[in-house]
Amino acid sequence: MKSKNEWMQSVYSPAAQKFPERKYNFKNLSDMEPEPIYTADDLKDWDAERDLGYPGEFPYTRGVQPSVYRGKLWTMRMFAGFGSAEQTNERFHALLRAGQTGLSTAFDLPTLMGYDSDHPFSKGEVGKCGVAVSSLADMEILFRGIDPTQVTTSMTINSPANAIWAMYIANAQKQGKDLGQVGGTIQNDILKEFIAQKEFIYPPAPSVKLVIDTFEWGPKVLPKWNFISVSGYHIREAGATGVQELAFTLADGFHYVEKALERGLNIDEFAPRISFFWDIHNDFFEEIAKLRAARRIWARQMRDHYGAKNPRSWMLRTHSQTAGVSLPAQQPLNNIARVAIQALAAVLGGTQSLHTDSFDEALALPTEEAATIALRTQQIIAYETGVAGVVDPLAGSYYVEKLTNDIEAAAMGYIEQIRMMGGVEAGIDSGFFQLEMAEAAYRYQREVETKDRIVVGVNEFVQDAVEVPIQLIDPQVEVLQAERLAQVRRERDPQRVQAALDALRDTAVTGANSMPAFLECAHAYCTLGEQMDILKTVYGEYVEPAIV
Ligand SMILES: CC(C)(COP(=O)(O)OP(=O)(O)OC[C@H]1O[C@@H](n2cnc3c(N)ncnc32)[C@H](O)[C@@H]1OP(=O)(O)O)[C@@H](O)C(=O)NCCC(=O)NCCSC(=O)CCC(=O)O
């Protein structure tokens, strides 16, 4: 058989002279230029045993479970939360009735920033981008009628993660549940907040200390809980390329591992419960290759660089979400198609859990109808397309394997660069991540504005605006929250509250693990703001330096 070069020269080039290639930007979203075709010649250095293996085996390129979706479909986990705990509880039940198989909680901005709903800074934001949770009283309502040993719940919470997790645990304890059977995930990834989303409270070092407290405490008390979801999603949404998302996120993961090792923890006790979270954008093969490369890098680094011995420590398990940033407000129904394609990429990439965005993503929090269509999209992929019936069906595709190699190499280049500069905290201090992402975002935006990249309905195929109904948040939520908080403060035992807060402050002074103190604060009905504030007296608050 002739070589690829021979075919390119003798067949492709003459054909392209007669019928030229389209004048189009074929680059993927990581600015990588694909060749017209891939063949076995592109995989000469590739070793199927070393680089691919079998599903459920090192290096897990083909998936972490031997049977992947033939054994269990991915968890359909729609990110939901708005208004009051009562309203979100209703939405949770509606989604479970519609066939969702896991829960995922969106908190409002005050909660994400560690403020109670009645704090002056919370005004106008209560219940707007998620549900308001200021104490165990809200948590009890939020999960009413949901058994924490039967449904796994994810909570997207970062700086206040320890406190919110403790409230969830306290609620399970009050229901008499065995914590050994309570499964779920807290996002708890503070590094990407400094890099991208900027919802931080304390400076990086004490923030990471609080995260490592969960690494130490979690596996002993809640062995089924994923105490971190190291997140590329927000890095990507802030403008990073797919390769940057992969590299920066894995570097964050390694940073936590190093900090846990510095504390003297056993890697094979904590690493099996580290989980990840990726953003799945429009470039179909890039996203599939990214997920495969992610598993391979993590496995190799955990085994060969960090010396983990337990195969579960080598497995990168992930949630994925379709890319909110890719869903324009123009012609919003088109987003149903984008989400379907992105979700298919997540599934072909072997995700464990998936959120599909609603078509009204750019306009407001989703209506129930929009969220249901997004969930149905997953169900159509799962039950109608046949893609869940064969494990890693794209393995061996010349292009997918080559792209997996190239993405792995590009990401490893960044990871080595970050190690050389002194690690992730050094990169945050110097503004490295922000500058890299700003440059990528600028390049993409220029491509769109010069029509070098077509976005259907935005810079081409444009038509008049279409109205769609949007979800509105009742401003009464703020009043109801303030009333409930006042009642909590009236009815709780003030001495127990003070003692719990003092004990929490002491952990910041002594460096002791904070989780037992957070759990006692939850049971004592300390508010979220009180807990965050008491730690501010020791840790201070982080002010981001200007990057020049
Ligand atoms: C590990 C994951 C990724 C997925 O956990 P899940 O429990 O859903 O799935 P799982 O681990 O695959 O499966 C559950 C159990 O079944 C087992 N299992 C699964 N498949 C199997 C198979 N084929 N054969 C044998 N066993 C199998 C697993 O080993 C596991 O048990 P064992 O555990 O015993 O092994 C977790 O962390 C998670 O659910 N993350 C969700 C994060 C999330 O929703 N984030 C929302 C962010 S939203 C956000 O940030 C905002 C974004 C925005 O701005 O819009």
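The model is a predicted one, in which local features need pLDDT of at least 70 and side-chain atom pairs count only at pLDDT 80 or more, while totals for chains, interfaces and linings use all residues. Residues are numbered from 1 along each chain as its sequence is written, and side-chain values use heavy atoms, with hydrogens and water left out.

An unreviewed UniProt entry puts the feature "domain: Methylmalonyl-CoA mutase alpha/beta chain catalytic" at residues 29-541; such annotations may be inferred rather than shown by experiment. This span is 51% helix and 8% strand, and its end C-alpha atoms sit 36 Å apart. Helices (H or I, at least four residues) and strands (E, at least two) are DSSP runs, numbered from the N terminus.

Glutamine 100 sits in the loop between helix H4 (85-97) and strand E2 (102-106). Glutamine 100 counts as buried because its relative accessibility is 4%, the cut-off being under 20% relative accessible area with a 1.4 Å probe and protein chains only. Its side chain reaches two backbone atoms: the nitrogen of methionine 78 at 2.8 Å and the oxygen of glycine 102 at 2.7 Å. Leaving aside residues up to four places away in sequence, glutamine 100 touches Met76, Arg77, Met78, Leu95 and Leu375 (heavy atoms within 4.5 Å).

Turning to the strands, E6 (residues 228-231) is covered on both faces, with Ile228 and Val230 buried on one side and Ser229 and Ser231 buried on the other. In a regular strand, side chains alternate between the two faces of the sheet. E6 runs parallel to strand E7 (residues 274-280), joined by 4 bridges; pairing takes at least two DSSP bridges. Isoleucine 228 has isoleucine 274 of E7 as its bridge partner.

How values were computed:
Buried means under 20% relative accessible area, exposed over 50%, partly exposed in between (1.4 Å probe, protein chains only). A polar contact is a pair of N or O atoms within 3.5 Å; within protein, one must be able to donate a hydrogen and the other to accept it, and residues adjacent in sequence count only if both atoms are side-chain atoms.
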